[in-house]
Amino acid sequence: MTTITQTAPAVVVSPRVSPAATLRHTMTLAWRSLVQVKHNPMELIDLSIQPIMFLLLFTYVFGGAIAGSTGDYLQFALPGLVAQNMLFASMTTAVGLNTDITKGVFDRLRSLPIARSAPLAGRIVADNLKQVWAFALFLGLGMVLGFRVHMGVAGVLGALALLVTFALAMSWVAVLVGLKAADQEKVQVLMFSLMMPITFTSNAFVPTKTLPTWLQKWVEVNPVSHLADAVRGLLGGGPVASHAIISLLWAAGLVLVFAPFSIRAFRNRI
Amino acid sequence: MRYAIQAEGLAKRYGDTKALDGVDLEVPEGRLLGVLGPNGAGKTTAVRILATLLRPDGGRAQVGGFDVVRQAHQVRSLIGLTGQYAAVDEALTGMENLVMIGRLLDMPRADARRRAAELLERFDLTEAGGRAAKTYSGGMRRRLDLAASLIGHPTVLFLDEPTTGLDPRSRTELWGVVRDLQREGVTVLLTTQYLEEADQLADDIIVFDHGKVIASGTSDELKATTGGQVLEVRPAEAAHADLVARVVADVLGAAPDLSGGLVTAAVRDPAVVPAIVRRLDDLGVIAAELSLRKSSLDEVFLVLTGHRAEDGSETEEAAA
């Protein structure tokens with residue numbers, strides 16, 4: 001049995017990461033996630049194609065049947081599509097995180113003297129910036145097709161702020177799935193089968209009153225409904241406050257429930 | 001002597017499996033310790049604990065005088081880690097991968113670029129530096145991974161099976177790089193399943209099996225512990241293999257290894273060979289192949305663990 005002899009440390013190192021350094025590390029890792037888009041333009045297309053496709057398909061295929069006119073439907077469905085896309089985007093976070101873990105990139109990052117939170121935070125910052133892009137695309141294309149913004153720049157920024165806040169809360173769910181799932185495909189299957197029913201059983205695409213009564217009960221509490229309604233109000237006018245508050249309460253709830261599990265998984269995973 | 005790495009009684013369990021079961025090891029500054037063992041012997045677990053990626057359940061360890069649990073951040077600023085799977089971001093170019101690490105180590109942008117260019121040059125990746133890492137060959141990726149772990153001038157380097165899956169040429173190239181690092185005075189802990197690799201590179205070797213250190217010493221010392229000779233007997237009729245094994249066991253007083261109709265045993269006293277031949281002759285067993293030769297690290301492994309290095313994972317599965 002050897003005994004550990006006290007060897008004087010060779011260099012003096014600060015035992016803590018300063019908040020400024022934490023921010024720097026986070027930004028470097030966010031840059032890393034974004035610069036990938038530069039090399040892989042497919043990713044940008046990937047990021048853009050769903051908004052464009054959904055917007056066109058929903059407006060022109062379902063518009064007439066659901067709302068009687070494509071113009072009216074666009075006004076109704078665009079906020080719903082924005083909300084849905086934001087939820088789906090949390091899949092990107094989960095997949096990216098899981099890929100880093102399975103490929104060993106995560107280990108490399110964790111072996112560096114950087115802020116513990118930076119690998120997670122960097123990715124989440126980057127994914128949210130991608131969300132801003134998708135939002136701009138929805139709005140830009142929507143306006144070309146005839147979507148009308150009545151509440152001005154303040155409304156647009158308010159909608160964006162609400163969406164990003166909710167996306168941040170959702171990323172705790174994404175982190176948990178990304179950390180726990182065995183591989184990328186399982187992440188995708190799990191996130192998809194979670195997001196698809198949640199986003200469709202809302203008032204994102206159809207008015208609540210057209211649904212069966214039992215389903216209406218859920219639709220009325222579904223955060224996607226409130227998020228969609230809040231965005232409708234912020235962009236096109238209408239009641240905002242109660243929907244925004246309920247959306248934020250949901251966001252807070254998601255953080256309260258999932259953050260502890262995610263943090264524990266983050267600490268235990270490795 | 002100053003130790004760059006010291007560990008005492010390291011233990012880690014996953015459920016009922018003891019990945020590490022009281023491991024002691026030490027690496028003096030500037031030396032290369034080869035950690036040899038089959039798959040699942042606990043090598044990677046040990047590296048992950050020493051590189052602060054995993055908390056031990058028991059025991060303690062220091063790297064560069066810092067405790068790997070309580071002073072993990074300080075340890076991280078001294079070490080470089082190259083894992084079994086090349087941990088580079090495949091979507092980024094070689095250059096961007098290295099610059100990213102430099103930036104994370106708080107280097108100014110210009111310094112990070114300079115250091116990255118320097119390492120690309122050193123690892124013969126300058127031309128490929130502008131290409132995405134996913135276009136790299138296995139050997140190139142491994143070199144990029146190693147370059148990434150050297151950005152911050154680590155004084156202690158962990159190489160976890162750095163050549164697993166590489167072709168022989170890439171392996172030899174990587175060995176050259178490791179030798180250069182040794183010359184520069186970097187302390188290295190290298191895990192490997194390849195006995196030749198440990199033989200080629202390591203100043204000292206420790207052998208892991210089932211989460212325990214079962215032997216340690218220089219390559220020559222380890223070879224000497226087996227008595228230096230290996231007896232191999234292959235009966236002409238495969239059906240006689242068990243019989244041969246029983247005879248060898250009887251004469252040597254220890255069970256030999258039997259695989260693919262070949263009976264292999266470590267021999268300390270060459271005089272036992274005629275005795276074995278006589279017994280086989282009496283039984284009417286004809287040996288198609290019978291040889292006595294100097295042991296390689298392979299046989300050292302066999303003697304120490306009771307199974308061949310390559311069989312490690314299977315043996316463990318069978319035992320589980």
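Visitor: What makes residues 6–10 of chain A a segment to treat with caution?

Guide: This is a predicted model, and pLDDT stays under 50 over residues 6–10 of chain A. The scale of confidence runs from 0 to 100. Where pLDDT is low, the predicted coordinates should not be read in detail. For residues 6–10 of chain A the model has 11 contacts beyond four places in sequence.

Visitor: How do you know what confidence chain A has on average?

Guide: The mean pLDDT of chain A is 87, and 94% of the residues score at least 70. In chain A, confidence is highest in helix α9 (residues 223–236), at 93, and lowest in helix α2 (residues 41–67), at a mean of 85.

Visitor: What makes a residue of chain B count as buried, and what percentage do so?

Guide: A buried residue has 20 or more other C-beta atoms within 10 Å of its own. Of the 320 residues of chain B, 51% count as buried.

Visitor: How do you know that residues of chain B are in contact with chain A, and how many are?

Guide: Two residues are in contact if their C-beta atoms lie within 7 Å. By that criterion, 37 residues of chain B are in contact with 28 residues of chain A. Elements giving two or more residues to this side of chain B include β1 (3–14), β2 (17–28) and α3 (94–104) of chain B. The most comes from α3(B), with 4 residues.

Visitor: What kinds of residue make up the side of chain B that touches chain A?

Guide: That side divides into 16 nonpolar, 11 polar and 10 charged residues.

Note on methods:
Residues numbered from 1 in each chain as written. Chains lettered and ligands numbered in written order. Predicted model: local features only at pLDDT ≥ 70, side-chain atom pairs only at ≥ 80, totals over all residues. Buried ≥ 20, exposed ≤ 12 C-beta atoms within 10 Å, placed from the backbone. Nonpolar A, V, L, I, M, F, W, Y, C, P; charged D, E, K, R; others polar. pLDDT = per-residue confidence, 0-100.
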